[in-house]
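This briefing covers side-chain contacts between charged and aromatic groups. The structure comes first, followed by notes grouped by topic.

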Amino acid sequence: MADDRIWSAAELELLTPDERHRVFNEGVVTDLGQLSPEFLARVRAKGKALLEERGLIPPDSDGG
């Protein structure tokens, strides 16, 4: 992620609605290549575990 800045609620409240919208949009990652491989692996493993737990995919499937 390009900018890891953490905004406080007080800081966001000082911004205009357009500025808050811009800050939000800049924080959205749409290219998985921007994520670290370690983070992406953790997210995929957690997602797979949740799908298995809820019976949406069989255990030990590839998730696809």
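In this predicted model, Glu52 and Lys48 are joined by a salt bridge, with an N to O distance of 2.5 Å.

- Glu52 and Lys48 both belong to helix H3, which spans residues 37-53.
- Glu52 is partly exposed, at 24% relative accessible area.
- Lys48 is also partly exposed, its relative accessible area being 26%.

- Arg22 and Glu26 form a salt bridge, with 3.2 Å between the closest N and O atoms.
- Both residues are in helix H2 (residues 17-27); because they are four residues apart, about one helical turn separates Arg22 from Glu26.
- Arg22 has a relative accessible area of 40% and is partly exposed.
- Glu26 reaches 56% relative accessibility, so this residue counts as exposed, the cut-off being over 50%.

**Salt bridge between Arg54 and Glu53**
- The closest N and O atoms of Arg54 and Glu53 lie 3.5 Å apart in a salt bridge.
- Arg54 and Glu53 are both exposed.

**Aromatic rings**
- The charged end of Arg5 is placed over the ring of Trp7, at 3.6 Å from the ring centre.
- The count of aromatic pairs is zero, taking ring centres within 6.5 Å as the criterion.

Key: Residues numbered from 1 in each chain as written. Predicted model: local features only at pLDDT ≥ 70, side-chain atom pairs only at ≥ 80, totals over all residues. Heavy atoms only, no water. Phe/Tyr/Trp six-rings, centres within 6.5 Å; stacked < 30°, edge-to-face > 60°. Lys NZ or Arg CZ within 6 Å of the ring centre and 35° of its normal. Salt bridge = Lys/Arg side-chain N within 4 Å of Asp/Glu carboxyl O. Helix = DSSP H or I, 4+ residues; strand = E, 2+ residues; numbered from the N terminus. Buried < 20%, exposed > 50% of the residue type's maximum accessible area, 1.4 Å probe, protein only.
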